[in-house]
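Let's take a walk through this structure together.

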Amino acid sequence: MTDQNGTIESHPLTGDDDGATYAPSAEFRAQANVNDPSVYWRAAEDPEAYWADQASKLKWTKPFTEVLDWTNPPFAKWFQDGELNVAANCLDRHVAAGIGDRVAIHFEGEPGDTRTLTYAELTHEVKRAANMLTSLGVSAGDRVAIYMPMIPETIIAMLAVARLGAAHSVVFGGFSAESLRARIDDAAAELVITADGGYRKGRVSALKPTVDDALALNGGEGSVQKVLVVQRCENDVEMQEGRDLWWHEEITAYDGEHTAQGFPAENPLFILYTSGTTGKPKGILHTSGGYLTQVSTTHRDVFDLKPETDVYWCTADIGWVTGHSYVVYGPLANGATQVVYEGTPETPDWGRWWSIIQKYGVTIFYTAPTAIRACMKIGRQVPEQYDLSSIRVLGSVGEPINPEAWRWYREVVGAGTAPIVDTWWQTETGAIMISPLPGLTALKPGSAQVPQPGIAATVVSESGEPVPNGQGGLLVVQRPWPSMVRTIWGDDQRFIDTYWSKFGDVYFAGDGARLDEDGDVWLLGRVDDVMNVSGHRLSTAEIESALVEHTSVAEAAVVGADDATTGQAVVAFVILKSQQTQLTADDAEPALKKHVAAQIGAIARPRQVFVVTELPKTRSGKIMRRLLKDAAEGKEIGDTTTLADTAVMQTISARMREELGNK
Ligand code: WTA
C-alpha cells in the first residue's frame, strides 16, 4: 500500500512472518513435473521458444509459425497465424487419445445430489449444447451472457459457446439486476443462459427473476433476444413467451454429432468484468491460443498435476477468473479429474469441504485465504475429524495469505507436509504469474515468491526504476505473456490508460510489492482504489456512486478497512441530504447497506455505514480516503495538516474508536 507520500509499508497481515522456509522433500521433488531449476533461465533466455514449446502441447488445426507480434504495443498477438478450437482441446482431444472414460467432473450439489461426467460424456453434452446454440443463432464473433450457479451446465454452456467461436461473458450469480444489465449491454449479448436457481446455504437462490428484472430495465429495450433456462431447483419461474426457453426441453432435439472448427488464436474467448478505479466495470477480453497455453501450462506445473491419478478441486466460483482458468480451461485442457461443488463451505456444517475431500480423495486443493481464515476461526477440531491424507498440494489465491493462516493450512489440511503454492495473478493476467513451483521452491509463508518460467515480473519505484532486493515499490510485468488481457472490451484507450501509461510499454498491475533479500516477491495489496474483500475485487468508486444514487445521500466516501477474516471490509462514510425526510441517521445504516447490495450485489454490502456531517478533504476538494481508512481501522490519525478543516477527522476518529471499542 502506498501512503500519501507514495512510500510503501508492509502488509498488516504479513506481520507474523517468522522467517522459516519450507523446502520440498526429496521425495516430492523427485516426482515433480518441474524439478530442474534451469527451467527459469532457459525460459528467460528465450521466452518465445519456451511459450512456443508449451503451445505445441495443444492441438492446433492449423499450426502457428509466428509466436508473438508485439509491433503495436500494448496490443499483443500470440500465435496469431495458428488456428485451434479451445473446446475441442478440452474435450474431443482427450476422447481421441483414449481417455474418454476418465472422470472429468465429480459434481457435488449443495443438497447432496451428485453427478459424474466422464470426458466422453462431457464432450457429448457440449456437442449437443453447441448444436442447440447454433439453432438459437449463436455463431463465431457473438457474445453470450451466462448467469448461473456452480453446476455442470455452466461449464457445458461455456464450452459450447467457445466451441462455436463465440465469446462468453459469465456474470457472477451474486450480482444484482443492474450489474447484470450493465454487463449485458456493454457486450451487446443476444442470448442469456441462466438457471431457475442454485442452492446456497441450504436455500434456493433464484437467478431467473434477476435476469427478468435486468431485461426489464431501460423499458425492456436491449440486445437480448433469447433466454435459455437450466432447471436446477424446480422453483417457480415465469417464462416469457417467445423469449424464454427451457434448456432441458430444447436440448432433446439435438444429438451429439458436432465437428469443431478451428478459429484463429486471437479469436475472443471471453469477456469477464472486473472492478477498476472508476465506477464502470472493465470488460477484460481474453482470446484463445495464448490463454489456453498459459492456463494449461501453469495448471500442470504449479499444481504438479498428474492427470492419471490426481483429483483436483478449486473452490472458486466460475463467475470469477479463478473459476474460468482453474475450474474450466486449465484442468479440462489437461485432462484432469476434478470436483465441482455447488454450495458454501458451511452447509450443512463446517465439515462440508473436508467431507468432500475425504469422499473423493482430493489430492490438490486450491482456495482463498479468506476461506482458510474462516475455517481457522471455527477451529481445527472440525477438519481433524476427516481423513485428509490424500492431499499432496495446496494452493492459495486472491489476496496475500498471512503466515499464520499459511501454517494452519499446511498443518491442518496438508498434514504438515503438503507444499502450498501462493499464486499471484489477476483477471487481467488470465493465468498464474508469480508462484512457487512445488518441486523447486523453498516456500516462504506469505510470499508468492517467483515469477513463473517465461514471465518477466519485477518491482519498480514510482519512477519506474527496478528496486534492489530488500525494497518495496510497484509490481510490473516487463514482457508480454500469452494469457494477457488483450484490451478492455470496446475501450482500447482505457486499456492503454489503465495499465500501460504509467511506465510505457510495461504492464502496471496496480499492486504494491516488495523484493526480499533473496529477490522473492511479497505482495502488499492494491495501490489504487480497488478493495479486496474475501478475495473479490470491488471498486470504491463503484460503491460510492451506488450510495449517491440513493435519494437521501449527498456525498459518500468508501474505504477498504483491514479485516481479520475477509482481508478487507467495505466501510462507507456518508453525508445525508439536509432537506430529505426519507432517512434519519439511525435508519441510514441498514437502509444503505441494503441499497448497495441491491445496486451491485451482496458482495459489495458495506460492513459499516457511518453518517457524518463532513468528509475530510484537501483544500483542492479531494477526499482523503487514507485518513478515513485509518479511522475505520481504529488507528491513530496521521498528518491532517493538508485538510481544509482539521476538526472533521477528530470527530470521525473519536466516533470510530467508540464504535470499535463497543464491538
Ligand atoms: C490480489 C484473482 C496477493 C492482487 C486471481 C491482485 C493477490 C488482485 C494474490 C486480482 C496473491 C491475487 N497474493 N495478492 N496470491 N492473488 N491477489 O482480478 O491485489 O479477482 O491485483 O484475480 O487480487 O484479483 P482478481
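The paragraphs below visit the ligand, a strand and a helix, and then a single histidine. Keep in mind throughout that this is a predicted model.

Which residues come nearest to it? Of the 17 residues around the ligand, these are Asp422, Thr427, Asp511, Arg526 and Arg537. Two side chains here can be followed down to individual atoms. A polar side-chain atom of aspartate 511 sits 2.6 Å from an oxygen atom of the ligand, and an N or O atom in the side chain of arginine 537 is 2.8 Å from an oxygen atom of the ligand. The backbone takes part in the picture too: threonine 423 places a backbone N or O atom 2.8 Å from a ligand nitrogen. Taken alone, the ligand exposes 520 Å², and the protein buries 96% of that. Helix H12 (321–333), S20 and strand S25 (521–526) are the elements that give two or more residues to the shell around the ligand.

H15 spans residues 403–413, and nine of its eleven residues are buried. Among the buried ones are Trp406 and Trp408, together with Arg407 and Arg410.

Why does S19 count as largely enclosed by the rest of the structure? The reason is that five of its five residues are buried. Val393, Gly395 and Val397 point one way from S19, while Leu394 and Ser396 point the other way. S19 runs parallel to S18, and four bridges join the two strands. In one of these pairings, isoleucine 364 has valine 393 of S19 as its bridge partner.

Our last stop is histidine 248, in helix H10 (residues 247–250). Is histidine 248 buried, exposed or partly exposed? Its relative accessibility is 34%, so histidine 248 counts as partly exposed. Its side chain makes a polar contact of 3.5 Å with the side chain of glutamine 231. Valine 230 lies 18 residues away from histidine 248 along the chain, yet their C-alpha atoms are separated by 6.7 Å.

Definitions and conventions. Residues numbered from 1 in each chain as written. Predicted model: local features only at pLDDT ≥ 70, side-chain atom pairs only at ≥ 80, totals over all residues. Heavy atoms only, no water. Buried < 20%, exposed > 50% of the residue type's maximum accessible area, 1.4 Å probe, protein only. Polar contact = N/O pair within 3.5 Å; in protein donor to acceptor, adjacent residues only side chain to side chain. Near = heavy atom within 4 Å. Areas by Shrake-Rupley, 256 points an atom, 1.4 Å probe, with all protein chains shown as cover. Pairing = 2+ DSSP bridges.
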